Each structure stands twice: as C-alpha cells, then as structure tokens.
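Visitor: Please take me through one part of this model up close. I would like to look at the salt bridges.

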Amino acid sequence: MALVPVWTMAVLAGTMIVKHYIADFVLQTDWMARGKEQEHGWLLPLSAHVACHALATLCIALVVAPRLWWLALVDFAIHFCIDRTKGVISRRTRWNPGQVQFWWLLGFDQMLHALTDLGLAASFLSL
C-alpha cells in the first residue's frame, strides 16, 4: 500500500464532509425528511434521500478513483441503515427537540455519518 500525503487525505475527507452537508441538509426536501421517519411509506423518501448521498459519492469517486464507483453503493447501504435505525428509534421513543435524548440520537446519527465519510475517503486512497 502506497502512503499518501496527509493533505490528500484531509482534502478528500473535507470533500466527503461537504458532500454530506449538501446531501443531508441542502438537497433533502421536507418530503424526504418527514417521509423517511414515518411508520409506513418511508421506503421511497428514504431511498430518494440516500440516493442523493450515493450520487454525490459516485461523482467524487469518478474524479478520484473511477474504478471504485461501487463505493457509492456502499454509501447508499450504510446511510440507509443509519437513517432507518434512527427513524425507528425516534418513532418508538417519541423523543422531541425539547428532550436531551433527541439531541444525543441526532448527534450519534451525524457521528456515524462522519465516520462513514472518513472511511469512504480512506477507501478511495487505499483500495
């Protein structure tokens, strides 16, 4: 395995974090955000939301390491599982923004996404 400069990893990790911000906050519609949390009818909004992440990851892959295009599918699957699990926990516990547990869950969700993005960035450079 070849070593890469720290700045290369930092730039790629930063790019993935910006990708996450854009896909999770800028491109996510109200239909996606509310729909993916529902008990029924959640599959289409959640799939559309995580497809935004996968498409953005695909664009990055095609620039950085085109042979690793399939990491977009990995991003899709991981993001899908994280968001679905958060939705189920949120609905079952009925935590709301006035409760500290709501923020713990949201923070944990975002931490898992950040770790995923760091793992994908490392994968682009090491696979």
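**A close look at the salt bridges**

Guide: Both Lys-36 and Asp-83 are buried. This is a predicted model. The two side chains form a salt bridge, with the closest N and O atoms 3.1 Å apart. Lys-36 lies in the loop between α2 (30–35) and α3 (43–64), while Asp-83 sits in helix α4. The pair is 47 residues apart and links distant parts of the chain.

The count of salt bridges comes to 5. Now turn to Lys-19. Its side chain meets that of Asp-75 in a salt bridge, at 3.0 Å from N to O. Here Lys-19 belongs to helix α1 and Asp-75 to helix α4 (residues 71–93). They are 56 residues apart, so this pair too joins distant parts of the chain. Both Lys-19 and Asp-75 are buried.

Lys-19 has another partner. The side chain of Asp-117 meets Lys-19 in a salt bridge of 3.4 Å, N to O. Asp-117 is in helix α5 (residues 100–126), 98 residues from Lys-19 in helix α1. Together, Lys-19, Asp-75 and Asp-117 are linked in a network of salt bridges.

Why do Asp-117 and Lys-19 count as buried? Buried means under 20% relative accessible area. Asp-117 has 2% relative accessibility, so it counts as buried. Lys-19 has a relative accessible area of 5%, so it is buried as well.

Helix α1 (residues 6–26) also holds Ile-22. At 36% relative accessibility, Ile-22 counts as partly exposed.

Notes: Residues numbered from 1 in each chain as written. Predicted model: local features only at pLDDT ≥ 70, side-chain atom pairs only at ≥ 80, totals over all residues. Heavy atoms only, no water. Helix = DSSP H or I, 4+ residues; strand = E, 2+ residues; numbered from the N terminus. Buried < 20%, exposed > 50% of the residue type's maximum accessible area, 1.4 Å probe, protein only. Salt bridge = Lys/Arg side-chain N within 4 Å of Asp/Glu carboxyl O.
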